[in-house]
Amino acid sequence: MRPALEAGFWLLALSGFWLMPEQLPLLGQAAIAALFVLSLDLLVGYAGVLTLGHAAFFGLGAYGAGLLAQQGWGEPLSGLLAAALLAGLLGLLTAPLVLRGGDLPALMVTLGLSLMLGEAANKLPGLTGGADGLLGVEIWPVLGLFRFDLHGRTAFLYALAVLFLLFLLARRITASPFGLALRGIRGNARRMPALGTPVRRRLVAAYALSAAYAGIAGALLAQTTQFVSLDALSFQRSAEGLLMLVLGGLGALYGAMLGAIVFTLAHHLLSEMSPLFWQFWIGLALVGLALAGRGGLLGLGAALLGRRA
Amino acid sequence: MQARVTRRAALGAGAAALIAPALAAPALAQGRPARIGLILPMTGPFASTGRQVEAAVRLYLRQRGESFGGRRLEILLRDDTGTAPEVTRRLAQELVVRDKVQALAGFGLTPLAFAAAPVATEAKLPMVVMAAATSAIVQRSPFILRTSFTLPQVTAPIAEWALRERVQTAATLVADYAPGLDAERVFKARFTGGGGRVPLELRTPLRNPDYAPFLQRVRDAKPEALFIFVPSGEGAAVMKQFAERGLAEAGVRLIGTGDVVDDDLLNDMGRPALGAVTSHHYSAAHDSPENKAYVQGFIAANPGMRPNFMSVGGWDGMQLIAEALQATGGGEGEALLAAMKGRSWTSPRGPITIDAETRDIVQDVYIRRVEERDGQLWNIEFDRLPAMRDPGT
């Protein structure tokens, strides 16, 4: 992507702070969704591993950070780190199961794992609060300076800053030989060993990395809303993540983030205009976009720019 | 490299301009409309709750006018889909920050109310819980008031009725979430405390439950009665399985809280529902002029719907807000909250009070039996426990 466009993207995101000062909770949640979809993109778009259960990592991160804060350690940054480690570890442990078969078994296994985790959280009300959600999450000010306020200012800037830093890291990673190897594996996994790439190890690493990213996204949600519910682990979240990814454009970091932001904002706008029938309009827009543009919003944008140039 | 310089420069400029947006100064309250942020599940599995409450809220404004204490009531309806507490919380934040509402209302399920509670506390705005029924909700914020009911409040009476009827064994079947566990615990404590036995305790998943295997186990255990609590909207599915498994033929009496014989769905349940005895705070068949006017108006405005216990929570929530606005001459925040505490009136369900201390509802609870009148099924009240409080957790 062109540098000017890149700077424009982040400036626009930051300008939301002044342009929509009363919508900051929404923008904060859009940034969190963007991070979640970014993590999906690393796995689905770059490594080519399909998943229907990414919410498992999101939820684990959310409960991890939430429980840590509930037990008296509300420092947000270390909470993120703990969530990343926890989710990454689960990714590392479950990767062999997911990577055993082809695409369809991967879908089944990821879905199964996330359902199991969801049910476990439901059945451990002593730990997670069960269907009532985790209460009593108290988060300390970010860096000891910025308290989480009702207007969602801190929450938005915090989420955006984390998204930005992790995006930079993701860009580094995808441009590295490791990222190149992942793309090669997606293209043709059989031939990669001939180039000396340990396919399995690369995929396990990508899976764990993506899991850690999702865990951080979950932790961000837990910290900014100071509440965790079973919804964090739900199938709906996994499915919506994929939807946003396809909407924005698979295999491109900006596509992932764009899809998440556009979907979240459209979702909000439509449900506010029509609280009863908004799902119909969302569906209509998605079908329309799928017909109009290949490669999601990013593909559509590139096509338009290309035509003009 | 060029990209990085551009970005850094841009960020620097941005940081320099980083000034928090100014808070809007509170203007004079009088004359401006009083906005109520109504957050309800309007889509998703709990949409029936949202539709009932919203219909009652609209009906209230149509029948009682829109102006109270010199201020016009404005309802801002938001859909939280019933299953996403972080959305409920965000909507509550937005309603407070952007729309500057004077009160938050609605809240279909317990986790949703829990998630929004800190917003009410921080914004110092009354939060009127119109549907959610876990005991603990009112303790989550000193700004929460409830106009619905609590599960223990409506569960204790049916346990005592069963004991009076000399029922000796009763199985329990509840949905596996806080209100269900409340119901199970209270029923068991009261029933065994009075000498009854509970041979079987079953919990069904909250989402996508299949009742058949559970009811089969009840049939195998052959208790004299089966106590049921399921969320509003699930009653028909339970009733169908109750009939199909032949529990009535096996001599098992169906008892429960009124949720299972939800007035809105009762007619569709058909004959299997006949004779079910439940305890609840509202029946559409409640015999009073207030209720007749309410049911008539509700059915006229919403063809095909019958008001249920969720709707009456919405109606009384509006009554609470309207009366407090009237009493304070359009007051806001803590003044409005203070005017809400301790208020009493005659609701379609009967006399009710919002306790000044607990901010929870005190109301009559009725024992009712499903009977057929004029070709329709109704919950006919035949016993009453006056001024029930939440017996506590």
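User: What does the domain assignment of chain B give?
Analyst: In this predicted model, chain B has domain 1 (34–149 + 288–359) and domain 2 (152–280 + 366–388); the bounds come from an automatic or database domain assignment. Residues are numbered from 1 along each chain as its sequence is written, and chains are lettered from A and ligands numbered from 1 in the order in which they are written. Local features need pLDDT of at least 70 and side-chain atom pairs pLDDT 80 or more, while totals for chains, interfaces and linings use all residues.

User: How many residues of domain 1 of chain B are in contact with domain 2 of chain B?
Analyst: There are 15, and they meet 13 residues of domain 2 of chain B; contact requires C-beta atoms, placed from the backbone, within 7 Å.

User: Which helix gives the most to that side of domain 1 of chain B?
Analyst: That is α2(B), with three residues. Helices are DSSP runs of H or I, at least four residues, numbered from the N terminus.

User: Turning to α5(B), is it mostly covered or exposed?
Analyst: Mostly covered, as 10 of its 14 residues are buried, among them B:L151, B:P152 and B:A162. Buried denotes 20 or more other C-beta atoms within 10 Å of the residue's own, with C-beta atoms placed from the backbone.

User: What span should helix α5 of chain B have?
Analyst: At 1.5 Å a residue, residues 151–164 should span 20 Å, and the end C-alpha atoms are 21 Å apart, which agrees. The expected span is 1.5 Å times one less than the number of residues.

User: Which residue follows α5(B) with a positive phi?
Analyst: B:R166, with phi near 60°.

Methods. Helices (H or I, at least four residues) and strands (E, at least two) are DSSP runs, numbered from the N terminus. A residue is buried if 20 or more other C-beta atoms lie within 10 Å of its own, exposed if 12 or fewer, and partly exposed in between; C-beta atoms are placed from the backbone. Two residues are in contact if their C-beta atoms, placed from the backbone, lie within 7 Å.
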